[in-house]
Protein chains: 2
Amino acid sequence: MPDAEIIAIGSELLTPQRLDTNSLYLTDQLNALGVEVVRKTVVGDERERLTDSILGAMARSQIVVLTGGLGPTEDDLTRDAVASALGRTLVFDQQICDQIEARFRSFGRKMSEINRRQAYLVSGAEVLVNDRGTAPGQWIDHSGVVLMLLPGPPNELKAMFEHQCLPRLGKVLPAQAIRTRHLRCVGIPESDLDQLISPVYKQYPSVATTILAVSGEIHVHLRARCPNANDAEALVAEVAGRIEPLIGDRIYSRNGDSLEKVIGDLLRSRHATLSVAESATGGLLGGRITAVPSASDYFVGGFVTYSDEMKTKLLGVPAEMIAGHTAVSEPVAQAMAEGARARTGADYALSITGYAGPDGEKIGLMFIGLATPDGSEARRVQLPGDRERVRMFSTNTALDLLRRKLLAAPGK
Amino acid sequence: MPDAEIIAIGSELLTPQRLDTNSLYLTDQLNALGVEVVRKTVVGDERERLTDSILGAMARSQIVVLTGGLGPTEDDLTRDAVASALGRTLVFDQQICDQIEARFRSFGRKMSEINRRQAYLVSGAEVLVNDRGTAPGQWIDHSGVVLMLLPGPPNELKAMFEHQCLPRLGKVLPAQAIRTRHLRCVGIPESDLDQLISPVYKQYPSVATTILAVSGEIHVHLRARCPNANDAEALVAEVAGRIEPLIGDRIYSRNGDSLEKVIGDLLRSRHATLSVAESATGGLLGGRITAVPSASDYFVGGFVTYSDEMKTKLLGVPAEMIAGHTAVSEPVAQAMAEGARARTGADYALSITGYAGPDGEKIGLMFIGLATPDGSEARRVQLPGDRERVRMFSTNTALDLLRRKLLAAPGK
């Protein structure tokens, strides 16, 4: 199987403010075909450095993906550098020029003279149509090395790769099938999860297993590669079938859905509504729940009670309870959830109160409250990290508490 | 002035999930010394590919920064690859080994045998002390090329670069001073701002000017480089002195402070308090305000009123007003802000209601309400982008509306 390299082109990608993120998408796509990315390079808009990078990559790898530098300005040197690296000429293509002109016309604009630069092809290249921008891509087969010239804007690049490059790669690469499983888990640390499942996945060296910690959640990726699809599917199903029972109900999704999407679907299917009462998170939990389109089907709203006074005034938490237990306590978390449920009329209410820092001995101590039609409860958790992480992680804990409760509860 | 290259080492950095972010910090630091980063490379944990990358970088650039691959396991090959690229040997250093052992002892743990690998130095290298981890760095001057071997974990890398590398680079690099200005602006699109200030900055080719769009805000960076500090300061002050009046009060900070930090400081200095009422943003505005430590000095809390019913029930927005104008309207935004102010007793209240999508003709139409001790108002804005961007950008608009009001208002 050939290896790939990715070269991202653009001086802005060499500043302290910008990263090449296209390579993540491209790596994902190439890996799915069974191709490993063995090197990534970022170079600026300089002809000689760029030509040198292209020659180096071609000497090492059989697939070279170049992104960026296909625009109309003098800074856009990818076409020139590739032609120069391959010892080929650039050829003006009237048909491409007409397409670019038509694209401008369709927006009621006139094509500038400089856009003619984008109609030059490396001699012998196939055009990769760009249906989302002016810059066409190019596909070049040069003595067994495939070069792809793709535009920098992510939406143009993704559409072009999917529609133009994948079919061409399918013809070039050896037949093989990849089948995957993505398990998203919550409520278990990365190292514990690894310890739990490594005795299984280590028995399957032909299945690539990746364990990733993402914002306090753990994602497990399994990838089986076989010459035919049935074998790959059978293999990944076998490994998943042994791993999933070990993780159990800490798996919250198998299709890439976020935790907030999962609880939304659970609420909708039960015709139940949700409200929130947030202290330390200041609205992050509500913000996350409403990031899901159509959250209005089940989310009614709630309260941000950052001061003690607001906990009493807006949620009815007794001032004596706060005085006796402090605002960061199990009874207050529970009373906040009960208050939010009563005052909104929602079926469920989640609350968060805690110490988010940045300073203080108790940083990371959080209480999560949950009020339901059948009563209320509160959980104490000690979360790791700084202010930002503690606040984000506590919304995971809250959503997971609700998820488990909903899974156990029948619909209305 | 010499050029630099950065090589990030680690197979995990070639997966679809991970990016090398250390290079952003390093680029910022190197740029501040006047050194440009001309290439960035990511390579996996493979001896030959790594050695090849090091040789390539040394042939092109006078400063080569390597990050990662200094751990104790067999995957950690940076030391070996550098030794092999330079034709030098690896030498065991008992003193480093003792330090690593002492570090483990201080945590009440015993050093593993494999950690001895971290006590090997490339022959002739200077040790770069790591006060935050076990892996020491190395500084090598090889025929006029400087190589820095730095650990991958960002906190270890940053401390080592700052304390160990900067002083050494100061001796190696030609004397020069950099002086900068960072202007953060809101309420103007990137292209309009560029048009406004480009006639000025184009007159100063020796001042590097960068304009960046970040989450709906615009950041302007000016960087003047001169042989001495006084000249650099005078030059950057001159350019900033001509640019700032053009942008005017759309500049909200000159010291890197976020918009939420700036409004927090304004509120605190006026002994004023703030509350919120959020519909489309579901809590994001409150979440953002409370991301600032000690926000409890001025932020009391508020309401998430996602459904129409909650706008009436929790904020007292008349149901007839919603029926007559829809929930996404100027009067409702204003009534939400007034309701939040009255029900919390805060001096100020901000509200957000709008269409965040993902679908529908009116996506991006948002109304921002502001209630103050002197009355209330609402603003209509049409924001670009998808659901996530519209929600985030509308919190900018809300915070900026409050900022302008506070700047015009005297303290209590």
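Two residues are taken to be in contact if their C-beta atoms, placed from the backbone, lie within 7 Å. The structure is a predicted model, in which local features need pLDDT of at least 70, side-chain atom pairs count only at pLDDT 80 or more, and totals for chains, interfaces and linings use all residues. Residues are numbered from 1 along each chain as its sequence is written, while chains are lettered from A and ligands numbered from 1 in the order in which they are written.

In the interface, 50 residues of chain B are in contact with 50 residues of chain A. Helices (H or I, at least four residues) and strands (E, at least two) are DSSP runs, numbered from the N terminus. On the side of chain B that touches chain A, two or more residues come from each of the helices H1 (22–32), H2 (47–60), H9 (284–289) and H10 (308–315) and from each of the strands S2 (37–43), S10 (207–214), S13 (274–278) and S14 (299–305) of chain B. The residues of this side comprise 22 nonpolar, 21 polar and seven charged; here Ala, Val, Leu, Ile, Met, Phe, Trp, Tyr, Cys and Pro count as nonpolar, Asp, Glu, Lys and Arg as charged, and the others, Gly among them, as polar. Because 100% of the interface residues of chain B are also interface residues in chain A, the copies meet through the same surface.

Within chain A, the axes of helix H6 (residues 190–201) and helix H7 (residues 229–247) come within 10 Å and cross at roughly 155°. Axes are lines fitted to C-alpha atoms, for helices over the stretch in contact, and angles run from 0 to 180 degrees between N-to-C directions. H6(A) is therefore roughly antiparallel to H7(A), a term for angles over 145 degrees, where those under 35 count as roughly parallel, 65 to 115 as roughly perpendicular and the rest as oblique. H6(A) contributes A:Leu193, A:Leu196, A:Ile197, A:Val200 and A:Tyr201 to the contact, and H7(A) contributes A:Val239, A:Arg242, A:Ile243, A:Leu246 and A:Ile247. By class, this contact of H6(A) with H7(A) holds nine nonpolar, no polar and one charged residues.

A:Leu173 is placed in the loop between helix H5 (154–172) and strand S9 (177–185) of chain A. With 17 other C-beta atoms within 10 Å, A:Leu173 is partly exposed; a residue is buried if 20 or more other C-beta atoms lie within 10 Å of its own, exposed if 12 or fewer, and partly exposed in between, with C-beta atoms placed from the backbone. Leaving aside neighbours within four places in sequence, A:Leu173 is in contact with A:Leu33 and A:Val35.

Some backbone features lie in loops. A cis peptide bond, with omega about 20°, joins A:Gly357 and A:Pro358, and A:Pro358 is found in the loop between strand S15 (348–354) and strand S16 (365–372) of chain A. In chain B, the peptide bond from B:Gly357 to B:Pro358 is cis, with omega near 20°. B:His271, although not a glycine, has a positive phi of about 50° and is placed in the loop between helix H8 (259–269) and S13 of chain B. B:Ser294, likewise not a glycine, has a positive phi of about 65° and is situated in the loop between H9 and S14 of chain B. B:His271 counts as exposed, with 11 C-beta neighbours inside 10 Å, and B:Ser294 counts as exposed, with 11 such neighbours inside 10 Å.
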